[in-house]
Amino acid sequence: MSDEPDDVGTAHPPSRPPDPDTADADTADAGAADAGAADADAADAGVDHDAPRPRRASSPHIPPPTTAPAMSPLAFERLDVGEMRRRAQDLVQHLSSRRSVRAFSTEPIPLDVLDACIRAAATAPSGANKQPWTFCVVTDPALKRRIREAAEAEERAFYGGRASTSWLNDLAHLGTDANKPFLEEAPAIVVLFAQNRSPTGGKHYYISESVGIAAGFFIAALHRCGLATLTHTPSPMAFLSEILGRPRHERAYLLLPVGYPARDCEVPVITRKPLDEVLIRYDAS
Ligand code: IYR
(Lines give C-alpha, C1' and ligand atoms only; values in the text may rest on other atoms or scores of the structure.)
Protein backbone atom coordinates (compact mmCIF):
# COMPACT_ATOMS: atom_id res chain seq x y z
CA MET A 1 0.00 0.00 0.00
CA SER A 2 1.51 3.29 -1.02
CA ASP A 3 0.96 6.50 -2.89
CA GLU A 4 3.45 5.38 -5.44
CA PRO A 5 2.26 3.11 -8.24
CA ASP A 6 5.24 0.75 -8.15
CA ASP A 7 5.23 0.11 -4.43
CA VAL A 8 2.10 -2.00 -4.40
CA GLY A 9 3.78 -4.42 -6.71
CA THR A 10 6.94 -4.56 -4.64
CA ALA A 11 4.94 -5.99 -1.75
CA HIS A 12 4.91 -9.25 -3.76
CA PRO A 13 8.04 -9.13 -5.89
CA PRO A 14 8.67 -12.77 -6.84
CA SER A 15 5.74 -13.34 -9.18
CA ARG A 16 2.39 -11.86 -10.08
CA PRO A 17 0.96 -10.39 -6.88
CA PRO A 18 -2.28 -11.81 -5.60
CA ASP A 19 -5.10 -9.37 -6.21
CA PRO A 20 -7.23 -9.31 -3.10
CA ASP A 21 -9.82 -7.19 -4.82
CA THR A 22 -10.56 -9.43 -7.74
CA ALA A 23 -13.40 -10.76 -5.64
CA ASP A 24 -14.75 -7.25 -5.27
CA ALA A 25 -15.14 -6.67 -9.00
CA ASP A 26 -18.21 -8.13 -10.55
CA THR A 27 -17.22 -11.03 -12.74
CA ALA A 28 -18.63 -9.63 -15.95
CA ASP A 29 -16.50 -6.51 -15.61
CA ALA A 30 -13.27 -8.16 -14.51
CA GLY A 31 -11.99 -8.90 -18.02
CA ALA A 32 -12.74 -5.45 -19.31
CA ALA A 33 -11.11 -3.86 -16.30
CA ASP A 34 -8.00 -5.95 -16.84
CA ALA A 35 -7.71 -4.92 -20.47
CA GLY A 36 -8.17 -1.29 -19.42
CA ALA A 37 -5.31 -1.57 -16.95
CA ALA A 38 -2.82 -1.96 -19.79
CA ASP A 39 -4.04 1.32 -21.25
CA ALA A 40 -3.78 3.09 -17.92
CA ASP A 41 -0.23 1.83 -17.38
CA ALA A 42 0.82 2.91 -20.83
CA ALA A 43 -0.63 6.38 -20.32
CA ASP A 44 1.11 6.76 -16.96
CA ALA A 45 4.48 5.90 -18.42
CA GLY A 46 4.14 8.20 -21.40
CA VAL A 47 4.08 5.30 -23.86
CA ASP A 48 3.07 6.04 -27.47
CA HIS A 49 -0.49 4.78 -27.80
CA ASP A 50 -0.19 4.25 -31.55
CA ALA A 51 2.80 1.93 -31.29
CA PRO A 52 1.92 -1.75 -31.68
CA ARG A 53 1.81 -3.50 -28.35
CA PRO A 54 2.55 -7.17 -27.71
CA ARG A 55 -0.57 -9.22 -27.03
CA ARG A 56 -0.92 -10.36 -23.47
CA ALA A 57 -2.08 -13.90 -24.32
CA SER A 58 1.03 -14.80 -26.31
CA SER A 59 3.48 -12.98 -24.03
CA PRO A 60 2.47 -13.12 -20.37
CA HIS A 61 5.72 -11.67 -18.98
CA ILE A 62 5.93 -8.26 -20.61
CA PRO A 63 8.63 -6.24 -18.83
CA PRO A 64 7.46 -2.95 -17.33
CA PRO A 65 8.11 0.26 -19.31
CA THR A 66 11.60 1.65 -18.69
CA THR A 67 10.73 5.38 -18.78
CA ALA A 68 11.84 7.01 -15.50
CA PRO A 69 8.90 8.08 -13.32
CA ALA A 70 8.47 11.80 -12.59
CA MET A 71 9.85 12.51 -9.11
CA SER A 72 9.96 15.59 -6.86
CA PRO A 73 11.74 16.35 -3.55
CA LEU A 74 9.86 15.22 -0.44
CA ALA A 75 8.50 17.99 1.76
CA PHE A 76 9.38 16.70 5.23
CA GLU A 77 9.71 18.46 8.56
CA ARG A 78 12.27 16.82 10.87
CA LEU A 79 11.16 17.26 14.50
CA ASP A 80 13.30 17.13 17.60
CA VAL A 81 12.55 14.17 19.84
CA GLY A 82 10.88 16.28 22.53
CA GLU A 83 8.45 17.67 19.98
CA MET A 84 7.86 14.16 18.58
CA ARG A 85 6.90 12.94 22.06
CA ARG A 86 4.63 15.91 22.71
CA ARG A 87 2.83 15.35 19.44
CA ALA A 88 2.57 11.61 20.02
CA GLN A 89 0.98 12.17 23.44
CA ASP A 90 -1.38 14.82 22.12
CA LEU A 91 -2.44 12.55 19.31
CA VAL A 92 -3.13 9.61 21.60
CA GLN A 93 -5.17 11.85 23.89
CA HIS A 94 -7.03 13.44 21.00
CA LEU A 95 -7.91 10.19 19.25
CA SER A 96 -8.77 8.48 22.53
CA SER A 97 -11.48 11.07 23.09
CA ARG A 98 -13.24 10.12 19.83
CA ARG A 99 -16.42 8.13 20.28
CA SER A 100 -19.00 6.74 17.90
CA VAL A 101 -22.08 8.92 18.25
CA ARG A 102 -25.64 7.71 17.70
CA ALA A 103 -27.55 10.76 18.97
CA PHE A 104 -27.09 13.86 16.84
CA SER A 105 -28.25 17.46 17.11
CA THR A 106 -30.23 18.63 14.07
CA GLU A 107 -28.17 21.85 14.08
CA PRO A 108 -26.58 22.47 10.66
CA ILE A 109 -22.82 22.10 10.31
CA PRO A 110 -20.46 24.21 8.19
CA LEU A 111 -20.44 22.16 5.00
CA ASP A 112 -17.13 23.65 3.90
CA VAL A 113 -15.56 21.98 6.95
CA LEU A 114 -17.09 18.67 5.88
CA ASP A 115 -15.71 19.21 2.37
CA ALA A 116 -12.26 19.84 3.85
CA CYS A 117 -12.50 16.59 5.84
CA ILE A 118 -13.27 14.77 2.59
CA ARG A 119 -10.29 16.45 0.96
CA ALA A 120 -8.18 15.24 3.88
CA ALA A 121 -9.60 11.72 3.53
CA ALA A 122 -8.89 11.73 -0.18
CA THR A 123 -5.15 12.20 0.52
CA ALA A 124 -5.04 8.60 1.80
CA PRO A 125 -2.62 6.18 0.16
CA SER A 126 -4.23 3.75 -2.27
CA GLY A 127 -3.28 0.84 -4.50
CA ALA A 128 -1.42 2.25 -7.54
CA ASN A 129 -2.68 5.66 -6.39
CA LYS A 130 -6.02 4.91 -8.06
CA GLN A 131 -7.99 6.62 -5.24
CA PRO A 132 -10.89 4.18 -5.60
CA TRP A 133 -13.42 6.07 -3.52
CA THR A 134 -16.49 8.26 -3.93
CA PHE A 135 -17.85 10.33 -1.03
CA CYS A 136 -21.56 11.18 -1.33
CA VAL A 137 -22.80 13.93 1.00
CA VAL A 138 -26.53 13.83 1.62
CA THR A 139 -28.22 16.80 3.31
CA ASP A 140 -31.58 16.64 1.50
CA PRO A 141 -34.16 15.69 4.18
CA ALA A 142 -36.24 13.67 1.70
CA LEU A 143 -33.22 11.57 0.70
CA LYS A 144 -32.18 11.14 4.33
CA ARG A 145 -35.68 9.90 5.13
CA ARG A 146 -35.53 7.35 2.27
CA ILE A 147 -32.12 6.17 3.48
CA ARG A 148 -33.42 5.85 7.05
CA GLU A 149 -36.48 3.88 5.98
CA ALA A 150 -34.45 1.48 3.81
CA ALA A 151 -31.74 1.07 6.47
CA GLU A 152 -34.30 0.39 9.19
CA ALA A 153 -35.96 -2.27 7.03
CA GLU A 154 -32.60 -4.08 6.78
CA GLU A 155 -31.93 -3.58 10.47
CA ARG A 156 -35.34 -5.02 11.44
CA ALA A 157 -34.39 -8.16 9.48
CA PHE A 158 -30.99 -8.17 11.18
CA TYR A 159 -32.25 -7.79 14.75
CA GLY A 160 -35.33 -9.92 14.02
CA GLY A 161 -33.47 -13.09 13.06
CA ARG A 162 -30.74 -12.57 10.45
CA ALA A 163 -28.10 -11.99 13.11
CA SER A 164 -26.93 -14.96 15.17
CA THR A 165 -27.64 -14.99 18.89
CA SER A 166 -23.93 -14.71 19.65
CA TRP A 167 -23.67 -11.63 17.41
CA LEU A 168 -26.62 -10.00 19.15
CA ASN A 169 -25.04 -10.87 22.50
CA ASP A 170 -21.81 -9.18 21.38
CA LEU A 171 -23.77 -6.03 20.48
CA ALA A 172 -25.86 -5.91 23.65
CA HIS A 173 -23.45 -3.58 25.50
CA LEU A 174 -23.86 -0.96 22.76
CA GLY A 175 -27.61 -0.70 23.28
CA THR A 176 -28.32 -0.63 19.52
CA ASP A 177 -31.56 -1.73 17.88
CA ALA A 178 -33.28 -1.42 14.50
CA ASN A 179 -34.27 2.24 15.02
CA LYS A 180 -31.89 4.65 13.34
CA PRO A 181 -33.28 8.17 13.93
CA PHE A 182 -29.76 9.58 13.50
CA LEU A 183 -30.09 8.97 9.76
CA GLU A 184 -32.62 11.80 9.65
CA GLU A 185 -31.40 13.90 12.57
CA ALA A 186 -27.75 14.27 11.57
CA PRO A 187 -27.45 17.27 9.24
CA ALA A 188 -25.35 15.29 6.77
CA ILE A 189 -25.01 11.65 5.87
CA VAL A 190 -21.82 10.71 4.08
CA VAL A 191 -22.00 7.49 2.09
CA LEU A 192 -18.57 6.25 1.14
CA PHE A 193 -18.50 4.08 -1.97
CA ALA A 194 -15.66 1.80 -3.09
CA GLN A 195 -15.02 1.76 -6.83
CA ASN A 196 -14.37 -1.74 -8.19
CA ARG A 197 -12.81 -0.16 -11.27
CA SER A 198 -12.35 3.33 -12.69
CA PRO A 199 -15.29 5.01 -14.46
CA THR A 200 -13.44 4.40 -17.75
CA GLY A 201 -12.75 0.71 -17.04
CA GLY A 202 -9.20 0.92 -15.65
CA LYS A 203 -8.28 -1.56 -12.95
CA HIS A 204 -8.21 -0.73 -9.23
CA TYR A 205 -6.08 -2.54 -6.65
CA TYR A 206 -6.36 -3.28 -2.92
CA ILE A 207 -9.72 -1.57 -2.94
CA SER A 208 -10.94 -2.46 0.55
CA GLU A 209 -7.61 -1.57 2.10
CA SER A 210 -7.48 1.76 0.25
CA VAL A 211 -11.05 2.78 1.06
CA GLY A 212 -10.64 1.62 4.67
CA ILE A 213 -7.60 3.87 5.09
CA ALA A 214 -9.50 6.82 3.54
CA ALA A 215 -12.36 6.14 5.94
CA GLY A 216 -9.92 6.23 8.85
CA PHE A 217 -8.47 9.53 7.66
CA PHE A 218 -12.01 10.89 7.32
CA ILE A 219 -13.08 9.86 10.81
CA ALA A 220 -9.90 11.35 12.30
CA ALA A 221 -10.37 14.57 10.31
CA LEU A 222 -13.97 14.99 11.48
CA HIS A 223 -12.92 14.48 15.08
CA ARG A 224 -10.09 16.99 14.72
CA CYS A 225 -12.58 19.52 13.34
CA GLY A 226 -15.09 19.09 16.16
CA LEU A 227 -17.62 16.96 14.31
CA ALA A 228 -19.04 13.63 15.45
CA THR A 229 -19.76 10.57 13.35
CA LEU A 230 -20.59 6.88 13.40
CA THR A 231 -19.42 4.07 11.14
CA HIS A 232 -22.80 2.63 10.32
CA THR A 233 -23.10 -0.51 8.23
CA PRO A 234 -26.67 -1.60 7.60
CA SER A 235 -26.29 -4.91 5.83
CA PRO A 236 -26.73 -5.35 2.93
CA MET A 237 -26.17 -1.78 1.75
CA ALA A 238 -27.21 -2.18 -1.88
CA PHE A 239 -30.19 0.13 -1.28
CA LEU A 240 -27.74 3.05 -1.04
CA SER A 241 -26.60 2.57 -4.65
CA GLU A 242 -30.18 2.63 -5.78
CA ILE A 243 -31.30 5.65 -3.71
CA LEU A 244 -28.22 7.68 -4.63
CA GLY A 245 -28.15 6.50 -8.26
CA ARG A 246 -24.58 5.24 -8.11
CA PRO A 247 -23.12 3.28 -11.03
CA ARG A 248 -22.62 -0.50 -10.96
CA HIS A 249 -18.86 -0.30 -10.46
CA GLU A 250 -19.36 1.36 -7.05
CA ARG A 251 -20.50 -0.43 -3.90
CA ALA A 252 -21.46 1.19 -0.62
CA TYR A 253 -18.64 0.69 1.87
CA LEU A 254 -19.68 2.75 4.92
CA LEU A 255 -22.44 5.13 5.90
CA LEU A 256 -21.32 7.96 8.18
CA PRO A 257 -23.82 10.40 9.69
CA VAL A 258 -22.00 13.64 10.51
CA GLY A 259 -23.01 16.41 12.89
CA TYR A 260 -22.77 17.72 16.44
CA PRO A 261 -23.68 15.32 19.21
CA ALA A 262 -27.15 15.85 20.71
CA ARG A 263 -27.04 17.88 23.92
CA ASP A 264 -28.03 14.84 25.99
CA CYS A 265 -25.87 12.40 23.99
CA GLU A 266 -24.68 9.38 25.95
CA VAL A 267 -22.25 6.74 24.77
CA PRO A 268 -21.75 3.18 25.98
CA VAL A 269 -19.02 2.57 28.54
CA ILE A 270 -16.23 0.81 26.67
CA THR A 271 -12.55 0.13 27.23
CA ARG A 272 -9.70 -0.02 24.76
CA LYS A 273 -7.18 -2.82 24.78
CA PRO A 274 -3.92 -1.94 26.56
CA LEU A 275 -0.81 -1.56 24.41
CA ASP A 276 0.65 -4.90 25.46
CA GLU A 277 -2.41 -6.65 24.01
CA VAL A 278 -2.15 -4.99 20.62
CA LEU A 279 1.63 -4.61 20.22
CA ILE A 280 4.15 -7.43 19.84
CA ARG A 281 7.81 -6.45 19.71
CA TYR A 282 10.54 -8.19 17.72
CA ASP A 283 13.70 -6.44 18.96
CA ALA A 284 17.23 -7.81 18.69
CA SER A 285 18.08 -9.49 22.00
N1 IYR B 1 -25.69 -2.76 11.76
C2 IYR B 1 -26.39 -2.93 13.03
C3 IYR B 1 -25.69 -3.86 13.96
C4 IYR B 1 -24.36 -3.51 14.41
C5 IYR B 1 -23.30 -4.32 14.06
C6 IYR B 1 -22.04 -4.07 14.52
I7 IYR B 1 -20.54 -5.36 14.11
C8 IYR B 1 -21.79 -2.96 15.34
O9 IYR B 1 -20.50 -2.70 15.80
C10 IYR B 1 -22.83 -2.15 15.70
C11 IYR B 1 -24.10 -2.40 15.22
C12 IYR B 1 -26.65 -1.56 13.68
O13 IYR B 1 -26.08 -0.56 13.24
O14 IYR B 1 -27.42 -1.49 14.62
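## Sheet, helices and ligand shell of a predicted model

Within strand β4, valine 258 is the residue that forms a bridge with threonine 229. This pairing belongs to a predicted model, and the two strands concerned, β3 and β4 (residues 250-259), run antiparallel to one another and are joined over two bridges. Helix α8 (residues 207-224) packs on the sheet, where it touches β1, β2 (188-195), β3 and β4, and its direction makes about 160° with that of β2. Alanine 228, for its part, stands opposite glycine 259 in β4.

The sheet as a whole is open and consists of four strands in the order β1-β2-β4-β3, with antiparallel pairing. Its edges are formed by β1 (133-138) and β3 (228-229), each of which pairs on one side only. As a general point, strands of a sheet pair through backbone hydrogen bonds, in either a parallel or an antiparallel arrangement. Between β2 and β4 the antiparallel pairing extends over eight bridges, and leucine 192 is placed opposite leucine 254 of β4. Strand β4 is mostly covered, since ten of its ten residues are buried.

The chain that carries this sheet has ten helices and four strands, which follow one another from the N terminus in the order α-α-α-α-β-α-α-α-β-α-β-α-β-α. Of its 285 residues, 25% are buried. Among the contacts between residues at least 6 apart in sequence, 82% join residues that are at least 24 apart.

How many of the 16 residues of α3 are buried? The number is zero, so helix α3 lies largely in the open.

In general, most residues other than glycine have a negative phi, and most peptide bonds are trans. Asparagine 129 has a positive phi, as has glutamine 131, and the peptide bond from serine 235 to proline 236 is cis. The angles are listed below.

| Site | Angle | Value |
|---|---|---|
| Asparagine 129 | phi | near 50° |
| Glutamine 131 | phi | near 50° |
| Serine 235 to proline 236 | omega | near -5° |

Asparagine 129 is located in the loop between α4 (111-121) and β1, and glutamine 131 likewise has its place in the loop between α4 and β1. Proline 236, at the cis bond, lies in the loop between β3 and α9 (238-244).

Which residues are around the ligand? They are Glu155, Phe158, Leu171, Leu174, Thr176, His232, Thr233 and Pro234. Sorted by class, this shell comprises four nonpolar, three polar and one charged residues.

Technical notes:
Residues numbered from 1 in each chain as written. Predicted model: local features only at pLDDT ≥ 70, side-chain atom pairs only at ≥ 80, totals over all residues. Pairing = 2+ DSSP bridges. Contact = placed C-beta atoms within 7 Å. Axes fitted to C-alpha atoms, helices over the stretch in contact; angles between N-to-C directions. Buried ≥ 20, exposed ≤ 12 C-beta atoms within 10 Å, placed from the backbone. Near = placed C-beta within 6 Å. Nonpolar A, V, L, I, M, F, W, Y, C, P; charged D, E, K, R; others polar.
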